[in-house]
Amino acid sequence: MELIVDIPGKAYPIYIERGSIKNLAAYLNLNRKIMVITDDGVPKEYLETVLAQLPQGYHHVVKQGEGAKSLPVFGKLCQKLLDCGFHRNDAVIALGGGVVGDLSGYVAASYMRGIDFINIPTTTLSQVDSSIGGKVAVNLGEVKNIVGAFYQPKAVIIDSDTLATLTKRHFYNGLVEALKAALIGNEHLFDLFVKGEIEDNIDEIIYQSLLVKKAVVEADETEQGQRALLNLGHTLGHGIESIFGLGGLYHGECVALGMLPMIENDALRKQVKDIFQQKLHIPTDTVIEKEHILEIIAKDKKMQGKQITIVKVPQVGKAYLEKVDFQEIKTYVDKL
């Protein structure tokens, strides 16, 4: 299965195919220097499978977790590309989850002002969401994704067989982003969560999630307007994630908590909370330092003066943007 993200001058394919990680030559130009960036949580067999197909393959393994998305790690990777003689016609492959994709993409965007970036996501979160759209970044201190760029990949290869090695918690954590996509603009996808067995429908969930993100990114590549809909749950979620030291709770778990106050319909909010608890096994009763969250949100890159744009959901498949005063954010934090 193939989708095309049709951004003028930057269009790229998404290949969704089981077993594709073993047959990269069918999708990519492998006859050049390629640096594979992964983390120590990705099974070694995936790295070995990719490297075995690269005539001029190099690799770098970072420590698993948000700590890898830092300027020191970014600098080390750029230095390694330079030491290995990489030029503009060479490429970087991200092999892993959202952290690896964000870090690798920013390295590719920055080295020699841009070399080819290929994303091979291996987690549910990265397969349903973060692998496409071109947002690449690293963190600065406790503030997430504050240093980065918009840089589209040349290709994305999604092999859902790689999900088999995830822990159940990682598997379900990533599916929060799929449920987010459903709330934004896909009633059929929402029905898959309500009525279906998630594991049995995972390929369809991935595909339907990507349809939502593809449409939004094509309409607004650099988040000048409607792309901000994809931030549903993220304003509060990033604040929650930061107070846990970019660890403890996973990204999707934090976004789940951040989504609930933004659902305006009480019945729908309860339905979504039930999906989180019963189908995705997401904790929704976590004790949170609310004042610290407000301090983090004040540094959010979406802040414009004393206002910030939030995403609200009145019904499934419908979402809208609303600019609110920072003081009003406290009312949503209080609902956590």
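Predicted model: local features only at pLDDT ≥ 70, side-chain atom pairs only at ≥ 80, totals over all residues.

Author: Happy to! Cys254 has a relative accessibility of 0%, so Cys254 counts as buried. Cys254 belongs to helix H9, where it is among the residues that meet helix H8.

Start with the H8 side. Helix H8 covers residues 234-243 and helix H9 covers residues 251-259. Their axes come within 7 Å and cross at roughly 130°, and H8 and H9 are therefore oblique to each other. The crossing of H8 and H9 is right-handed. Which residues of H8 and H9 meet? From H8 come His234, Leu236, Gly237, His238, Ile240 and Glu241. From H9, Cys254 is joined by His251, Val255, Leu257 and Gly258. Sorted by class, this contact of H8 with H9 has five nonpolar, five polar and one charged residues.

Now turn to another neighbor of H9. Helix H5, residues 168-185, has an axis that comes within 7 Å of the axis of H9, and the two cross at roughly 40°. H5 and H9 are therefore oblique to each other. Here the crossing is left-handed. On the H5 side you will find Arg169, Asn173, Val176, Glu177, Lys180 and Leu183. They meet His251, Gly252, Glu253, Val255, Ala256 and Met259 of H9. The contact of H5 with H9 divides into five nonpolar, three polar and four charged residues.

How many disulfides does a search of the whole structure find? It finds zero. Take Cys84 as an example: its sulfur is 12 Å from the closest cysteine sulfur, in Cys78, which is too far for a bond, because a disulfide needs the two sulfur atoms within 2.5 Å.

Helix H2 (residues 71-83) packs against helix H3 (residues 98-110) at an angle of about 50°, with the axes 10 Å apart. H2 and H3 are therefore oblique to each other, and H2 passes H3 in a right-handed crossing. In this contact, Cys78 sits with Val73, Phe74, Leu77 and Leu81 on the H2 side, while H3 brings Leu103, Tyr106, Val107 and Ser110. By class, the contact of H2 with H3 has eight nonpolar residues, one polar and no charged.

How values were computed:
Residues numbered from 1 in each chain as written. Heavy atoms only, no water. Axes fitted to C-alpha atoms, helices over the stretch in contact; angles between N-to-C directions. Helix = DSSP H or I, 4+ residues; strand = E, 2+ residues; numbered from the N terminus. Parallel < 35°, antiparallel > 145°, perpendicular 65-115°, else oblique. Left-handed = near helix turned anticlockwise from the far one by under 90°. Contact = heavy atoms within 4.5 Å. Nonpolar A, V, L, I, M, F, W, Y, C, P; charged D, E, K, R; others polar. Buried < 20%, exposed > 50% of the residue type's maximum accessible area, 1.4 Å probe, protein only.
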